[in-house]
Structure formats: C-alpha cells, structure tokens
Amino acid sequence: MPNLNALSHDRRISSLLDAELARQRRGVELIASENFTSAAVLRAMGSCLTNKYAEGYPGKRYYGGCDVVDEVENEAIDRLRQLFGVAFANVQPHSGAQANAAVFLATLQPGDTTLGFDLSHGGHLSHGSPVNYSGKVYRPVFYGVEPDTGRIDMDKVAEIAFREKPRLIICGASAYARDWDYPRFRAIADEVGALLLADIAHPAGLIAGGHLSDPAPWCDILTSTTHKTLRGPRGGIIMMGADKPNPWGRTTKKGEPIPMSAIINSGVFPGMQGGPLEHVIAAKAVAFGEALQPSFREYGSRVIENARTLADALTAKGYQLVSGGTDNHLMLIDLRNKGVTGRQAEAALGRADITVNKNMVPFDTQSPMVTSGIRIGLAAMTTRGIGRQECLQMAEWIDELISAPDDEGKGRRIRQEVNRFMEQYPLYPEEA
C-alpha cells in the first residue's frame, strides 16, 4: 500500500504526520479512549469516497451517483447488525457525541428531563453536562457512585427516577470500570415510562466479543463510538435491538405508525447532520468485518486480562482504584493518597513517553483542569501485542514516575527504557 503519510507536495504537513507516527510508535499509549486501527481501516478512510456527497440514506439520496456508496453503507449496516445481533443500525453519526445528540433530538422535546451518570463521577459531557447542549436544551438530573464503593447504587438510581420522572434514562460512561446492570435499568425505565439509552462507546468491542453484559435485549437504543475497543475509525453509530412502533403514537400522513428506526434516522439526517462521511463509513465497515473474526474475541479477552493485571499491580503498590478494580479495559486511579494531582501525573508520565489523561475522580476536590486522578486503558497497548508481564513492567514505570514527578533524570532514563521496549511491538511495520 502507499505510504500512509505520503504528502510530497506539502512538506510541512507531511513532516507533522511523520512526527505523530513516530510518537505513536515509540510510546506507551494508555489513554482509554484510543486504539490503533489496522492499515486496512486507514486505507479505507483515506480513499476516494471522501469525494462523494451523499445526503440521505441508501436508496433515498438527494444526489446522483450514489450507487457505489449505497453499497458501502449497506455493507457497514449489515456487518454492524451481525456484530451486535441487532435489528437496526445507523452508521452515519460523525462521533459518539453526535449520535447521542441525534437520539436526544429524535426522542425528546426541549425541557424534557433526562437521567444520566454524573460527569464528575465518570459520565460523559453529552449525557446532560451543563456546559453541553444536553444540559442546556434539556433538564438533566444525575445519579453517581457511592463514596465507599465507587460503584453505582441501583436503589438510588430508582429513587431519583421515581422522584424526577425522566423521559430518557442513560446508562453509560467515559470513566467507569464496572459492568452495567441493564435489566435493573430496564425495570426502572418501565416503572417511570422512560426510554432507555445505553451509551457503550467505551466497552462496545468487549460487548461485541461477548465479554461484558449485552445491552441490546434491555435498552431501547444503543449509541457508541467506533474507535475505542471496537478498533475502528473515529466515528459514531446508533443501534436498536428491535425495531418497533414509536411510543408517542406518531403517524405518517396516511395515519400509519412511524417505526422508531425512521424517527432515529431523522434525528441524524436531517436533524443533526448533512452529508455522511462515506470514506469513514467504509472504514467502519472494514473494522466491523475485522471484529466479526474469531481473533477479535481473543483480543477482547487479552484486553480484560491486561487491564486486571495492571490494576492488581498498581493496587499492590498502594494506588487507590475507584471501585477497587476493573471489569473492562480501563481503570480510574485516585491519586490523593499519593499527594500528586492528575495534571502532575499526566505530565510526569508524558515526559517518559507514557501517555495517560488526567481525570476527575468521584467527589474530587480539584478543578477539571487539575483533577485528583488519571484514567488508564489497555485497549491500544493490547493491540500492540503486550501481555501480562509487560503490564507488570508498566506498573513499575508508572509507580516510579508518580512517586517522583519532578525527577527529570528518572524521567529521561525511563523514556529511554520505554522507547527500547516499544521497538519490540512495531506499529504499521509495512511503513518505512
């Protein structure tokens, strides 16, 4: 295949792309929302499909010349439905946040009450944060985790739902290390007459591989990104386990019930977006095809094994993990007992080419730009090929750096060790 970063006519951008590829190759990547796609996914995303405008849906476009992109999009839909065993899928959202926005737009009216996971406890901006559209247009209320366990108390979720009567309940997070009780959420939603949305942006690949609880039988709507544990291009998707008539009695001009799938589709286009990114949709299709292979299930097993190994090793060194461990690919570490802020830890690790992100922890006393914690994920490094022994080595580096965040000599030494270590796990080896 051609050089991934070949831009001979634009040396400045070409050199920056080369620099980023070099950064990715030499470093330990522990950001939970990142992964490394296959070269095939990259090639599809950089294809000629970027030239095609295709407003609408397959067979119902507002532009001519869409025969090929219709086939591409239908293939992506079919593969995604097979991967998750669902009846409906929309592959057009540009991101997970836009998938959520489309669902909100399609199912809610301004001012409607939503119940989601508190951002400061591990939720997501698009689940009702006051700085986000979801907290400005709608009336958000929140559930969180318990101070003593770091876990969600479902009885308290039920109390809030019965008191607030939300129209939409959201289960899902950006920094929660435990599996979700979808049947209990379903029971609560039914009690208060709410729709139930599962945002599975982080665990989607682990759910597809059968390693975590499946929300499709329980939740009305599923949203996700495609780039985290699904290991695809950056983008979003919406799914439903079963299509059914909408619960509000909306009908066509002929008086026929409008299925939920049509309402969700209208939330994406024309509700939230114009033309879909068909080159990204092609890359999504490639990634879904890869995730349908037996090797992807094995990959998911290794991700969870690596995450638990690193979590146990850090716990043994005195680090406090929110909820005490992990069921998935990530962990949230409260650094207050170490006397280090999340910002200090992120910087110290970054200087040694170990990339993490500072992150709020439940009941944090620091600002969002400082934080008391860091979030760590193992999806990307598992893609590179590491195993349990390598996770133990990473725990040693992390502990050394956080224990002496201002020791520049130690940072330089560990950076050299990290760089030599990563040479054993080549990224895109077909590239010179």
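The legends below describe close-up views of a predicted model. Residues are numbered from 1 along each chain as its sequence is written, and side-chain values use heavy atoms, without hydrogens or water. Local features need pLDDT of at least 70 and side-chain atom pairs count only at pLDDT 80 or more, whereas totals for chains, interfaces and linings use all residues.

**View 1. Lysine 228, a buried residue without a salt bridge.** Lysine 228 sits in the loop between strand S9 (221-225) and strand S10 (236-240), strands being DSSP runs of E of at least two residues and helices runs of H or I of at least four, numbered from the N terminus. Buried means under 20% relative accessible area, exposed over 50%, and partly exposed in between, with a 1.4 Å probe and protein chains only. A salt bridge requires a side-chain nitrogen of Lys or Arg within 4 Å of a carboxyl oxygen of Asp or Glu, and the nearest side chain of opposite charge to lysine 228, aspartate 199, is 6.9 Å away.

**View 2. The salt bridge of glutamate 75 and arginine 79.** The closest N and O atoms of glutamate 75 and arginine 79 are 2.9 Å apart, and both residues lie in helix H3 (residues 67-84), four residues apart, about one turn of the helix. Glutamate 75 counts as partly exposed because its relative accessibility is 36%, as does arginine 79 at 26%.

**View 3. The salt bridge of lysine 317 and glutamate 396.** The side chains of lysine 317 and glutamate 396 meet at 2.9 Å, N to O. This pair links distant parts of the chain, 79 residues apart, with lysine 317 in the loop between helix H11 (294-316) and strand S11 (320-321) and glutamate 396 in helix H14 (residues 388-403).

Note on methods
Lys and Arg count as positive and Asp and Glu as negative; His and the chain ends are not counted.
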